[in-house]
Amino acid sequence: MSVRKTIATHPFGDQKPGTSGLRKKVRVFQQANYLENFVQSIFDATRPGNGGFAGKTLVVGGDGRFYNDEALQTIIKMAAANDFERVIAGRDGLLSTPAASCIIRKYRAFGGIILSASHNPGGPDADFGIKFNGANGGPASEELTAAIFAQSRRIEQYYIADSARVDLGRVGDRQLGGMQIEVIDPVADYAALMEQLFDFERIRELLTGGSFRLQFDAMNAITGPYAHDILEQTLGAPPGSVLRGQPLPDFGGEHPDPNPAHTPELQRLTSGRDAADFGAASDGDGDRNMILGANFYVTPSDSLALLAANATLAPGYRDGIAGVARSMPTSQAVDRVAKSLGIPCFETPTGWKFFGNLLDAGKITLCGEESFGTGSDHVREKDGLWAVLFWLNLLAVRGEPVADIVRRHWQQYGRDYYTRHDYEAVASDAAQSLVETLRGQLGALAGQRFGNHEIETADDFGYTDPVDGSQSRQQGLRILLRGGARIIYRLSGTGTEGATLRVYIEGHETDPARHNQDPQNALAELIDLSHRLARIEHFTGRGSPDVVT
Ligand code: G16
């Protein structure tokens, strides 16, 4: 038996969700009532007027980072006290973000609460996060996150069941008061979905044929169990193919961000004369991916374009794709593929939630972002292992090395040289001043020449959702140059310390003789221009970025 308790509380003023949910330091979440306030605000903002949560199912799980366990216990007790009929939880409280999306959809849940700070570090002094996904399996819309925030500013009480710890260590059913708790294998439903989309037979032949070598870096994070199960046990990749496959609460003290800087062992194994044929990594919660060939790095923007161009090679996309979408700062490589396929291409603000309506309406099949995210209409989150399996399917069918496939693609469409420069933990005031100053100057930039470059237009990106007409303003400052090159500035919405300025720079090169340059060299003039236009050093005191991808 459990007793429902009503606890009086006071609002915190800072529970405004960012690009993807509420992300803060663990110590912020550990304040008395902090997590509870936000969870109750989610329930209050989403509670159906008719009958409340009676008869409704909530999916819960997270990436296993520090505080995952404690937070899940609280959330489950609060779900019971808020009258949910059923909670579905991953065993040990684990669910990758794409698996959570898959499970919400498959079991027709009301929605889900996902615990993760994605690629941010974990541990008592690091980051934690929480977000709500709706019945379509996708992140809450801007409208809903605004309603949750508004509720968090006026909350006065929350409800929680007074009960013992719920055992999440074993698959099976439990009862908490009137609520059923179903603990499920976190991998099985997701693995079954992957098997429907990709040609497992051909991938198995590739991986067991003897000459092809795969290395997948799970970064001590959530994809470890998924990768061991799917890549090694089901598809036959030899043991050892999965690196850092054990999820750890602090990710082994590492940064679970799948980019070249944070995957040294994977870089070593995919470099040199004895390089593995294919390398990949996923992040803290399993929704991001990085793709590598032997001695070759595939940019996320190129990866999206390549998957779009080769989609019909995978059984799940055999009949073609309806359309594609990319976030605004993602390179225009996929636009070229869409044009040649004669399908629409949408440009959305940064944030996976903006793809949701397009996917639900069937306007797009594939979508992706420069921030190592790729996905499709199979779930409503970006999906790291899905991208890896898609690439393996493609490699199995085409039988060519990764580098050759990408180079051939560039020959056909031209190469979109691309780089992102991040200035991290900048003082928030300084970052705001930089953005506001540049915003004020945008109108005067059109027509100005800088060396070989001329600015065609400059604007502050705004988006009107083609499905529901909702509008999102101030989504990034765009400098569009004659010939298609672009420089974009925006402030990250996922950091937990100060502000992170992101500068995205791209230029298109059609001449195959010029396709083998280092992007930092190919884009040197534009990079220099990006500094001068925004006076980055003047505002931030930084002469060079902290991270270059
Ligand atoms: C989240 C969002 C992505 C976004 C990324 C970076 O990813 O889901 O859509 O591209 O953050 O956002 P920002 O540039 O604002 O930091 P994740 O993997 O962190 O959940």
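The largest pocket holds about 1100 Å³ of space. Its lining consists of 39 residues, and those closest to the centre of the pocket are Gly18, Thr19, Leu491, Ser492 and Gly493. The model under discussion is a predicted one.

**Lining of the largest pocket**

Five elements each contribute at least two residues to the lining of the largest pocket: strand E2 (22-25), helix H5 (142-152), helix H15 (428-445), strand E25 (486-491) and strand E26 (499-509). The greatest contribution is that of H15, which supplies five residues. By residue class, the lining of the largest pocket comprises 10 nonpolar, 17 polar and 12 charged residues.

**Surroundings of the ligand**

The ligand is surrounded by 18 residues, of which Glu369, Arg490, Gly493, Thr494 and Arg502 are the closest. This shell divides into one nonpolar, 10 polar and seven charged residues.

| Residue | Ligand atom | Distance to side-chain N or O |
|---|---|---|
| Serine 118 | oxygen | 2.7 Å |
| Lysine 382 | oxygen | 2.8 Å |
| Serine 492 | oxygen | 2.7 Å |

Taken alone, the ligand exposes 460 Å², and the protein buries 99% of that area.

Serine 41 belongs to helix H2, which spans residues 34-46. Is serine 41 buried or exposed? Its relative accessible area is 0%, and serine 41 is therefore classed as buried. The side chain of serine 41 reaches the backbone nitrogen of serine 152 at a distance of 3.4 Å. Helix H5, one of the elements that supply the pocket lining, covers residues 142-152.

Leucine 359 lies in helix H12, formed by residues 356-360. Because its relative accessibility is 4%, below the 20% cut-off, leucine 359 counts as buried. How far apart are leucine 359 and alanine 221 in sequence and in space? The two are separated by 138 residues in sequence and by 28 Å in space, C-alpha to C-alpha.

How values were computed. Residues are numbered from 1 along each chain as its sequence is written. This is a predicted model: local features need pLDDT of at least 70, side-chain atom pairs count only at pLDDT 80 or more; totals for chains, interfaces and linings use all residues. Side-chain values use heavy atoms; hydrogens and water are left out. A residue is near a molecule or strand if one of its heavy atoms lies within 4 Å of it. A polar contact is a pair of N or O atoms within 3.5 Å; within protein, one must be able to donate a hydrogen and the other to accept it, and residues adjacent in sequence count only if both atoms are side-chain atoms. Accessible areas come from the Shrake-Rupley method with a 1.4 Å probe; for residues, only the protein chains shown count as cover. Ala, Val, Leu, Ile, Met, Phe, Trp, Tyr, Cys and Pro count as nonpolar, Asp, Glu, Lys and Arg as charged, and the others, Gly among them, as polar. On a 1 Å grid over the protein atoms alone, a cavity is a set of points where a 1.4 Å probe fits but cannot get out, and a pocket is an open set with protein on both sides within 12 Å along at least five of seven lines; lining residues have an atom within 4 Å of a point. Grid points are joined across faces, edges and corners, and a volume is the space filled by probe spheres set on the points. Helices (H or I, at least four residues) and strands (E, at least two) are DSSP runs, numbered from the N terminus. Buried means under 20% relative accessible area, exposed over 50%, partly exposed in between (1.4 Å probe, protein chains only).
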